[in-house]
Amino acid sequence: MKRTLMTMMAGALMIGVSAVAANAGTVAVSWKTFQEERWKTDEAAIKEVVEAAGHKYISTDAQGSAQKQAADIEGLIAQKPDVILVVAFDSDAILPSIQKITEAGIKSIAYDVQFEDPNALYITFDNVGVGRLMAKTMLEKGKSEGNFAFIKGDKGDPNATFLFQGITEVLKDGLDSGKIKNVCETFTDGWKPDNAQKNMEQCLTSQNNKVDAVISENDGMAGGVVAALEAQGMAGSVPVTGQDGDKAALNRVAKGTQLVSIWKDSRVLGKKAAEAAVAMIGGTAMDKLEGVAKFNGGKKGVEMNSILIPPNPITKANLGDVISANWISKDEACAGAAADVEACK
């Protein structure tokens with residue numbers, strides 16, 4: 001009797017395992033580049049959800065090349081995944097690749113960076129909102145008038161434009177009245193810190209160092225901006241914005257050389273995107289996913305199903321938020337911190 005029961009249980013277990021194996025899918029990610037530390041955090045969150053659901057995770061790194069990303073996606077399509085998440089290096093150049101994904105019967109997700117295709121799901125943080133938060137924090141805790149420099153992201157990335165839209169929306173009154181002067185405004189190739197540093201150096205030279213505030217659109221570039229300011233003995237006296245919650249940036253917030261990092265917890269973004277991918281593998285329609293809404297705010301106005309996540313501005317006052325969330329250790333955040341940072345006491 002016991003042997004029969006054990007045999008039945010073993011058979012049921014094998015059937016269960018076979019069912020999982022039969023239903024197992026594949027989620028692929030085409031990363032635009034792994035140069036920024038945040039993408040590794042995103043990837044870990046995505047893999048955890050995908051693999052816990054019994055699916056396979058595969059990925060490619062375009063290394064900052066639109067041509068390589070197109071080739072990468074061809075290679076991923078050949079492996080017949082169920083869903084491909086694409087962090088586009090160039091949102092227009094990627095469109096033929098997205099069409100190929102759709103034609104192959106594969107679902108696509110525009111991850112963090114929008115490409116405008118009605119068949120794709122767009123999931124990101126509210127980037128216009130991020131821009132608003134940068135500008136709002138600058139006005140409230142940094143500078144509300146004077147000469148402002150704007151170090152924008154890569155021209156081919158729509159996030160750079162979304163961010164600037166939010167920034168200028170908040171600063172409009174100051175710009176219109178002349179209280180705020182836009183003395184430097186430049187895109188930064190590849191969002192690269194060294195390019196941002198060069199842009200800032202050129203700005204300081206052209207303005208005889210008469211720059212009162214810098215709106216940098218991400219943390220990596222903020223590092224380059226702060227390096228340029230340090231070379232002129234101006235770091236700490238000129239407030240600088242950023243976003244992503246990079247560890248080095250959060251430490252600069254504690255030191256007082258960066259005013260704010262808009263924290264977009266990429267663990268949340270990765271988890272949401274992976275859950276959406278898993279749900280779609282299970283048969284859930286894109287417009288029935290949890291938290292989905294319509295979005296048509298891109299430059300072409302293409303309507304897409306989207307999931308937008310709210311961000312959190314991190315300054316000296318709430319640095320403890322990222323420490324308590326185990327995003328960064330207290331030692332990492334507080335090395336060389338200013339005396340007035342409560343979280344570091």
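User: What makes Cys 334 and Cys 344 a disulfide?

Analyst: Their sulfur atoms are 2.0 Å apart. The cut-off for a disulfide is a pair of cysteine sulfur atoms within 2.5 Å, so the pair qualifies. This is a predicted model, where local features need pLDDT of at least 70 and side-chain atom pairs count only at pLDDT 80 or more, while totals for chains, interfaces and linings use all residues. Residues are numbered from 1 along each chain as its sequence is written, and side-chain values use heavy atoms, with hydrogens and water left out.

User: Why is the disulfide of Cys 334 and Cys 344 called left-handed?

Analyst: Because the torsion about its S-S bond is about -80 degrees. Cys 334 lies in helix H12 (residues 330-334) and Cys 344 in the segment after H12, so the link ties together parts ten residues apart in sequence. Helices here are DSSP runs (H or I, at least four residues), as are strands (E, at least two), numbered from the N terminus.

User: Why is Cys 334 called buried?

Analyst: Its relative accessibility is 14%. Buried means under 20% relative accessible area, exposed over 50%, and partly exposed in between (1.4 Å probe, protein chains only). So Cys 334 counts as buried.

User: How many disulfides does the structure hold, and how are the cysteines paired?

Analyst: Two. With the bonded cysteines numbered in sequence order, the pairing is 1-2, 3-4. Cys 184 and Cys 203 form a disulfide too, with sulfur atoms 2.1 Å apart. Their link is right-handed, with 90 degrees about the S-S bond. Cys 184 lies in strand S7 and Cys 203 in helix H7 (residues 193-206), so parts 19 residues apart in sequence are tied together. Cys 184 is buried at 10%, and Cys 203 is buried at 3%.

User: What makes S7 and S8 edge strands?

Analyst: Three strands form an open, parallel sheet in the order S7-S6-S8. Strands S7 (180-186) and S8 (213-216) each have a single partner strand, so one side of each is left without a neighbour in the sheet. Neighbouring strands are turned by 20 degrees against each other on average, direction ignored.

User: How do you know that S6 and S8 pair?

Analyst: Two strands pair if DSSP finds at least two bridges between them. S6 (residues 146-151) and S8 share four, in the parallel sense, so they pass.

User: What makes Arg 38 and Asp 244 a salt bridge?

Analyst: Their closest N and O atoms are 3.8 Å apart. A salt bridge needs a side-chain nitrogen of Lys or Arg within 4 Å of a carboxyl oxygen of Asp or Glu, so the pair counts. Arg 38 lies in helix H2 (residues 38-52) and Asp 244 in the loop between strand S9 (241-243) and helix H9 (247-255), so the pair ties together parts 206 residues apart in sequence. Arg 38, at 4%, is buried; Asp 244, at 6%, is buried. The structure holds 18 salt bridges.

User: Is Lys 299 buried or exposed, and what is its salt-bridge partner?

Analyst: Exposed, at 68% relative accessibility. Its partner is Asp 92, with the closest N and O atoms 2.8 Å apart. Asp 92, at 34%, counts as partly exposed.

Key. Axes fitted to C-alpha atoms, helices over the stretch in contact; angles between N-to-C directions.
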